[in-house]
Every structure is written in C-alpha cells, then in structure tokens.
Amino acid sequence: MPVILLLASFSVSAESPVTASDASATSVSQTSPAVSLLQNYQQAFHQRQYELSFIVVRQGHIEPVRLIHGVVNGVEVAHRVYLNGPANEAVYRDGTVAFFEPGQSPYSLASSRLPGMFGNLAAVKLDELQRNFDLVIAGKSRVAGRPAQVMRIVPKSSDLYGLYLWIDYASHLPLRLDVVDQNGELIEQHMAVTLAEYEKPSEWMTELASLELPSTVMGKESADTQEHQINWRLGWSPKGMKVAQKEQHSLAAISESVDYIKLSDGLFDISVYANAVGKTNPLREQLVRQGATSLHTVVRKGIEITVVGEIPPETASKMADSVTIGPYFEKPVEPAQ
C-alpha cells in the first residue's frame with residue numbers, strides 16, 4: 001500500500017511568500033545547507049517512486065496536473081498529464097521526452113529533464129545555479145498541514161524571476177513552488193494536492209518503460225543549409241544566459257522552418273525565433289504574458305522576431321529590441337552575449 005500524503009487545502013493564496021526581511025538574518029554560511037537541501041531534492045525527484053498531483057495557478061487560471069515517476073530496471077520514467085480539457089501529455093524516458101498534444105502529431109525531443117519547473121530544478125547543475133542565483137534557507141513552514149523546508153532562489157540579475165521552494169521534510173519531494181518578480185509578487189504557483197510514494201514502480205511506469213515512443217525531431221543546423229539564413233544578431237541577453245541550441249525550428253503557429261536560438265541558465269529557458277515576413281502568415285507585433293511565460297513579437301526590416309520564455313515581459317522586450325538585422329542570405333552572425 002502506498003503511503004498517502006493528503007494535502008487537504010490548496011488555496012491559491014495558501015501562504016504568503018517569505019519576504020526579504022524574513023530572510024535578512026540568513027548568513028552566507030547557510031549557503032552550504034541550501035545546496036545540500038537541493039541535492040536531496042534532486043536525488044529524491046529522480047530516484048523515488050511517486051505520484052504527485054498538483055495545481056498550476058497562472059493569473060487566476062487553475063490547471064490540475066498529475067506527475068507519475070518511477071525507476072524501472074535502472075531507467076528513469078515519468079508521465080505528466082494535464083487533467084482538464086483536451087489531452088496534453090508528456091512522457092520522459094532515459095533522456096527523451098515524448099509530447100502528445102492536441103492538434104498535432106506526437107513527437108519526441110532529446111532532453112535531460114522532465115518538462116516543468118519541478119523538472120528544471122531537479123536537473124539544473126548546482127554550480128551553475130549558484131553563479132546566477134543566491135540560495136537562501138528561509139526557515140520552516142507548513143503546506144496544507146505538512147512540515148516543509150522553505151528555500152529562496154534569488155536571481156543576481158534583475159532581469160530574471162526568483163523562486164520560493166517548499167520541500168517536504170519526510171521525502172524531500174516538492175510541495176510547492178512560487179515564481180515571483182523582483183518585488184516579491186506572485187507570478188505563477190505550483191501547489192501539491194496529493195503525494196503518494198511507492199516501494200516499487202507502478203504498473204503504468206513498467207508499461208511506459210517498454211512503450212515505443214514517437215520519432216525524435218531533429219532541427220537543421222543553420223550553418224549547414226542555405227534556406228532561411230538571415231543575418232541577424234541578438235545584441236543582449238540576461239546575465240548568465242548562454243546559447244544552448246542553434247538550429248532551424250518550427251513554430252506551432254506556422255508551417256515553415258525559422259531560425260531558432262535557445263538560451264538557458266540551466267533553470268530558465270528563452271527561445272528566440274527569426275523568420276522572413278511573407279514566407280509565412282506574419283504574426284502581429286505583440287507582448288503577452290501567461291504566468292511566468294512572456295512572449296514578445298516585433299518586426300524589423302521585414303524580419304519577424306519572437307522572444308518567448310520564463311522571463312519578465314520587460315526582459316523579453318529588451319531582448320527583442322536588441323536584435324539587429326543585416327542583408328538577407330548571408331552567413332548568420334553568432335548571437336552576442
């Protein structure tokens with residue numbers, strides 16, 4: 001029988017985030033315990049057998065999600081599904097994530113982490129995290145009646161979001177994660193509803209371990225093709241962001257390939273797309289935020305630039321406005337950092 005950890009309350013407000021003054025007495029010497037706490041979290045997230053049901057709250061909209069995780073014969077397997085509306089699922093297995101989304105054919109991507117903020121934190125390299133964020137133990141708390149250790153992950157750059165993380169004392173698995181802006185205002189919240197641990201993988205995890213996944217999608221490296229080569233330069237990106245991927249990619253809204261750059265600091269990702277207006281149905285210039293995700297589209301010299309990622313809207317605007325465009329069909333210039 002699984003050990004059920006029932007969280008009876010999942011109010012959106014739940015508990016106010018710990019303020020900066022609450023943690024002001026925390027000294028630098030507590031960085032080591034903070035790193036140790038995250039190490040325990042990462043180990044538990046990847047190695048334990050569990051089922052986590054949680055809600056994601058974005059601008060008043062609540063989405064229930066279920067994550068089932070297991071290790072089958074040494075292979076990590078996970079299944080994430082949104083419980084309301086059209087079926088939207090992701091399956092992680094041994095470095096590959098398969099996506100099953102409404103309106104498009106299933107596909108797989110090579111990835112070292114499960115989708116979502118819990119997965120991002122579980123996969124981030126802690127030395128890289130410490131270069132870009134301050135890790136602060138913010139005391140003890142209770143989430144829906146369960147004791148939890150609270151941690152603040154504070155960005156060293158004002159261009160990024162910060163995090164509050166509640167980790168269960170007993171299992172070291174996540175109970176709550178808040179994404180906050182520089183003023184401590186809540187932007188997005190991930191709140192556990194139930195957490196069940198198992199001694200061995202569930203039957204569903206065992207089945208997924210042998211399931212044939214969709215074909216892996218491979219992008220074309222821009223340097224190896226003459227199509228869609230646009231001489232463009234990204235003039236600015238937040239401190240700590242590095243180019244993690246550069247290729248031709250497909251946006252969901254259009255059918256043609258576009259130039260694509262992915263930047264990451266290991267915790268947050270930013271995607272930048274560039275395509276020539278006229279080859280596709282152009283998007284209108286816009287700036288949209290949904291929870292922690294911002295999307296900014298601008299048109300410069302006949303080139304449509306789209307910046308999307310888990311960043312403040314102001315950061316997305318600064319990145320989009322920093323793009324410069326050169327003559328068409330020349331060798332692309334490597335984005336500046």
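Rings of Phe, Tyr and Trp (its six-membered ring) pair if their centres lie within 6.5 Å; planes under 30 degrees apart count as stacked, over 60 as edge-to-face and the rest as tilted.

The model is predicted, with local features needing pLDDT of at least 70 and side-chain atom pairs counting only at pLDDT 80 or more, while totals for chains, interfaces and linings use all residues. Residues are numbered from 1 along each chain as its sequence is written, and side-chain values use heavy atoms, leaving out hydrogens and water.

**View 1. Aromatic pairs in the structure.** There are seven aromatic pairs in the structure. In one of them, the ring centres of Phe54 and Phe118 are 5.2 Å apart and the planes stand at 70 degrees, so this pair is edge-to-face. The pair links distant parts of the chain, 64 residues apart: Phe54 belongs to strand β2 (residues 49-58) and Phe118 to helix α2 (residues 117-123). Helices (H or I, at least four residues) and strands (E, at least two) are DSSP runs, numbered from the N terminus. Are Phe54 and Phe118 buried or exposed? Both are buried; the term means under 20% relative accessible area, with exposed over 50% and partly exposed in between (1.4 Å probe, protein chains only).

**View 2. An aromatic cluster, and a charge over a ring.** One aromatic cluster is formed by Tyr41, Phe45 and Tyr50. Arg176 lies over the face of Trp166, 4.0 Å from the ring centre. For a charge to sit over a ring, NZ of Lys or CZ of Arg must be within 6 Å of the ring centre and within 35 degrees of the ring normal.

**View 3. The largest nonpolar core.** A nonpolar core is a set of buried Ala, Val, Leu, Ile, Met, Phe, Trp, Tyr and Cys residues joined through side-chain atoms within 4.5 Å. The largest has 79 residues, and those with the most contacts inside it include Leu129, Ile153, Leu267 and Ile305. Helix α1 (residues 31-47) gives the largest share of this core, seven residues. Another core, of eight residues, lies apart from it, and Ile68, Val72, Val77 and Leu213 are among its members.

**View 4. The surroundings of Ile305.** Not counting residues up to four places away in sequence, Ile305 touches Val272, Tyr273, Ala274, His296, Thr297, Val298, Val323 and Ile325. Contact here means heavy atoms within 4.5 Å.

**View 5. Helix α5.** Helix α5 (residues 313-322) is mostly covered, with seven of its 10 residues buried. Those buried in α5 are Pro313, Thr315, Ala316, Ser317, Met319, Ala320 and Ser322.
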